[in-house]
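Please read the following report alongside the sequence and the 3D view, taking one region at a time.

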Amino acid sequence: MLKPALRRAWRGSGTVQFGVTPAHAVKVGPMDIATGCFLELLDGTRGMPLLRDEARALDLNDHQVDTLVARLMDAGLIDDVRAGGPEADALRTRVETLERQRPDLASLSVVHPEPGGGMRRLAARRSMRVQVRGAGRVGASIAAVLSGSGVGRVEVLDGGCAEPCDVAPGGLPASAVGERRDSAARQLVRRSSPGSAPRTVHPAAGCANGEPGLSLIVVAPRDGLSVYVPDPRTAEPWIASGTPHLYAGVIEATGVVGPLVLPGGTGCAGCVDLNRRDRDPQWPRMLAQWQSGRRTAVQACDLGLATAVAGLAASHALAFLDGELPASTGARWEAALPLLDWRSEPIRAHVDCSCGAGGHTEGVRTSGAGTAHDTMAG
Ligand SMILES: [Zn+2]
């Protein structure tokens, strides 16, 4: 079938454009009226033999049909309603879940050219495990979006009890105030899920002892300083285990998404710290004061910005889980109120950082076992 997500329009002179926006639009031509009519047959109800049969009524021979379908396939415009493997087949049986996720599936089908690629990735999300560290306005919303997007296991870590300022439309509800943050977030994740996660985990998901490894950690603490100045010591075990992690949060009316750290491959929290010390010799002195001083009683965290950061971070996380390297890989995106002009700054790997991304080879993992990319690359 032609991917239904892309709008179709004749551009005149026998060219058809699929899609509106430059990122995903494709022009196909030359195309005559007969082949234009043939496109109408590509609605997912016919296999190739039937397509060839019906095309004869349009004066198109088998060779023309096969060539056209091959061209459309090369252009990433063809989906296959039966492709994607056993996990995709299992998801197809869950009609309600799939109905909820139609727009997500359509989006994946636009982004990934191969037939069945969207369904394969949507199904793969169900056996992935992601940890979100922080259940405030940003963290809880990220967890809810990931769960709602079909990520099978979303764990949220945070301490203490939910306060009124943690409540957000996409995050913890007002009724959660006073409850333990972690259990309130767990309920939120469950409520947001489009369906229960599959019981059995596919071996390709990198499971050990029945529990799949973490595909990603999202660091979204309630205190935005720990995102803007991520603590290298906290990240040490993730660097050591090769676990990809993404920072996101709001600090003093500035939203931050990134970097997504691929241990040993891109700049990490330690690199951020060393780069900053190189640029600003006074930075360590100030940092010590910020960290030792009394914690700011109220975070300057606008709800709109918090929601935007959560949405952007979740989208970057999903792109990564689906096998891509989003623009936060080795970079940090920032937008400050009131102009909200998103800008990115590369986070360069520092040669003196023990993560190894800067070119030193000691301690560098040669493979990131268990990461999303390893499983997706196969
Ligand atoms: Zn580093």
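## Basis of the model

This is a predicted model, in which local features need pLDDT of at least 70 and side-chain atom pairs count only at pLDDT 80 or more, while totals for chains, interfaces and linings use all residues. Residues are numbered from 1 along each chain as its sequence is written, and side-chain values use heavy atoms, with hydrogens and water left out.

## The zinc site

The zinc ion has as its protein donors the SG atoms of C268, C271, C353 and C355, which lie 2.2 to 2.3 Å from it; donors are N, O and S atoms within 2.8 Å of the metal (3.2 Å for Na, K and Ca), and sites may look incomplete because water is not among the atoms. The angles among the 4 donor atoms are 99 to 122°, and the site is tetrahedral, a term used for four donors if all angles lie between 85 and 135 degrees. Along the chain the donors follow the spacing C-x2-C-x81-C-x1-C.

C271 in helix 12 (residues 269–279) and C355 in the loop between strand 12 (343–346) and helix 15 (372–377) are 84 residues apart, so this pair links distant parts of the chain. Helices (H or I, at least four residues) and strands (E, at least two) are DSSP runs, numbered from the N terminus. C271 counts as buried at 0% relative accessibility, and C355 counts as buried at 3%, where buried means under 20% relative accessible area, exposed over 50% and partly exposed in between (1.4 Å probe, protein chains only).

## Strands and their partners

An open sheet of 3 strands has the order 1-2-3 with antiparallel pairing, and two strands pair if DSSP finds at least two bridges between them. Strand 1 (8–10) and strand 3 (26–28) each have a single partner strand and stand at the edges, so one side of each has no neighbour in the sheet. Between strand 1 and strand 2 (residues 16–18) there are 3 bridges, and W10 has V16 in strand 2 as its bridge partner.

Elsewhere, strand 4 (residues 129–133) runs parallel to strand 5, joined to it by 5 bridges, and V130 has V154 in strand 5 as its bridge partner. Strand 5 (residues 153–157) has V154 and V156 on a covered face, and R153, E155 and L157 on an uncovered one.

## The aromatic pair

The structure holds 1 aromatic pair. The rings of W283 and W290 have their centres 5.2 Å apart and their planes at 75°, so the pair is edge-to-face; rings of Phe, Tyr and Trp (its six-membered ring) pair if their centres lie within 6.5 Å, with planes under 30 degrees apart counted as stacked, over 60 as edge-to-face and the rest as tilted. W283 is buried, with a relative accessible area of 8%, whereas W290 counts as partly exposed at 41% relative accessibility.

Note on methods
Four donors count as tetrahedral if all angles lie between 85 and 135 degrees; four count as square planar and six as octahedral if opposite donors are over 155 degrees apart and all others between 65 and 115; anything else is irregular.
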